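Dear colleague,

I am handing over the structure below, together with some notes on what was found in it. Please read the notes with the structure open beside them.

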Amino acid sequence: MTAITLMTEPRIAEEHAIDKDWWRGAVIYQIYPRSFQDQNGDGIGDLVGITSRLDYVADLGVDAIWLSPVFTSPMKDFGYDVSDYRGIDPSFGTLEDFDRLVQKAHSLGLKVIIDQVISHSSDKHAWFAESRQNRTNARADWYVWADPKPDGTPPNNWLSIFGGSAWQWDSRRMQYYLHNFLVSQPDLNFHNPDVQEALLGDMRFWLERGVDGFRLDTVNFYFHSTGLESNPVVKPEDFNASTAPAVNPYNFQEHLYDKSRPENLEFLRRLRAMMDEYPGKTTVGEIGDSQHQLEVMAQYTSGDERLHMAYTFDFLGGEFSAAHFSKSIAAAEAAAPDGWICLAFSNHDVVRHVSRWAVHGQEDVFARLAITLILAMRGSVCLYQGEELGLKEAELAFEDLVDPYGIEFWPQFKGRDGCRTPMVWQAHAANGAFSTANRTWLPVPAEHLVHAVDTQDKVDGSVLEFYRALLQFRRAHPALVKGSIRLLDAPGNVLAFIREAGDERLLCVFNMGDTAAEFAIPADLSPHDAGCPGVTAAPIDGELDLEPFGSYIGVL
């Protein structure tokens, strides 16, 4: 059933009530649907389950939820391979379940952002089934097809992020098709205007159902160079493993021709024009480009003609150090002074940040510093389900893995299953009260149960209560939500900056190391206590003494 239901309020009334810039400085809670709450007992999370837990999310004090894909899919990449952009996969429920989720979220004051994976579809999508039949059908040019070289090899050296060549031979057409990810995820041909129209139409379908925006998966992958030039070798000084794990040969190329193409700017302009027909809707793009991510982010978010905001992998990898953060903040401010970044330390694709960055034995104090820091930085913020509990990356046995990425590159890269395990709600319930099934799609880690919601809810000093307190503190300070940022010189592993909006100025100082540190307050500044949760340091004779992983936020 695909009939469009009526929205609960007329759009005219909504326009008057809505803050069109609500997304600027918003805190967005990412839900991985397979792992949030299973209502029907099949071991897989679903929409009814998510709806039943929305009060918990609203109680955190966030502004919106972001749902990873719930569209119809063969689940080779667990929803990031879409076979029907207007359907809900039966494992998650129905369109009616989705509508009820949106209505419940809105009644709680939560916006709803959904994932849009339009750089590629599933090979089970009807479009691809038609396209691959021959070279003359109506959708023959809807995907990226290319003839082999005279010796039968692929047309160039482009690589798939998931391993091997980005080209797959198809015997029906006697051609290769492009897949930047799994073989079962053929890339759509955005050079074809009919493809653009179809995808924009599918997005409009969800806007009409009342969603508040889109998270755009791999937003810089939409276009390729029609010249099919081979990518050059990356310069040694430019090599980094922020987009793909270090063991992946994908990193050996500078991806000039298979992504981040200039033609994408015009498509994003078309997308923004459609979004602007629905006031108060937003877009956040995922940019994966190790060598050019800030340049691309600036192009995509500057002004008001393309994306509202975007996130890079600067803080989803890299080191937890004042030097790295200071360099990244300065570079983003210089590259896109009027752009807007979306910040995240964890998501469904990377190792949870407590495991990635924390010192063993200091995970809880680190988790408190991390949330204080990210909520003080300039940008909107994405929090990933379970991080508010201080969860670490789950250690899974190879036989428990389902992620094709991890299976391909095991054991040096263990894939993404470790951050996708089910949410833990009750420490002493089966499967942490995530599901009543005998076996869940990924196991519930025993070490997560001691951090379950019921062990932390309304418990003074818990990580969960600290997150709630920090989110309330941020909301009360406009300088933290939408203000400017100015970095200050600081010694060693100390990061310091000033946030300012209107009449409010805040001094923010963070000791990012596991040993005590000092910060000399500039002579022209006289901060006083802002009441930030967890802050124990106080200025004494122009100095701040910061404990390991300590922080300070003061009013100027």
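Which backbone oxygen does the side chain of Arg173 reach? It is that of Ala140, at 2.8 Å. Before going further, please keep in mind that this is a predicted model, in which local features need pLDDT of at least 70 and side-chain atom pairs count only at pLDDT 80 or more, while totals for chains, interfaces and linings use all residues. Residues are numbered from 1 along each chain as its sequence is written, and side-chain values use heavy atoms, with hydrogens and water left out.

Arg173 is found in the loop between β7 (167–170) and β8 (175–178), where helices (H or I, at least four residues) and strands (E, at least two) are DSSP runs, numbered from the N terminus. Arg173 is buried but has no salt bridge, and Asp170, the nearest side chain of opposite charge, is 6.3 Å away. Here buried means under 20% relative accessible area and exposed over 50%, with partly exposed in between (1.4 Å probe, protein chains only); Lys and Arg count as positive and Asp and Glu as negative, whereas His and the chain ends are not counted; and a salt bridge is a side-chain nitrogen of Lys or Arg within 4 Å of a carboxyl oxygen of Asp or Glu. Leaving aside neighbours within four places in sequence, the residues in contact with Arg173 (heavy atoms within 4.5 Å) include Ser131, Asn134 and Trp145.

Two strands pair if DSSP finds at least two bridges between them, and β6 and β8 are joined over 2 bridges, with Ala146 opposite Tyr176 in β8.

Helix α4 is followed by Gly109, whose phi is positive, near 85 degrees.

Finally, Asp524, in the loop between β17 (517–520) and β18 (528–529), is exposed, with a relative accessible area of 66%.

Methods
A polar contact is a pair of N or O atoms within 3.5 Å; within protein, one must be able to donate a hydrogen and the other to accept it, and residues adjacent in sequence count only if both atoms are side-chain atoms.
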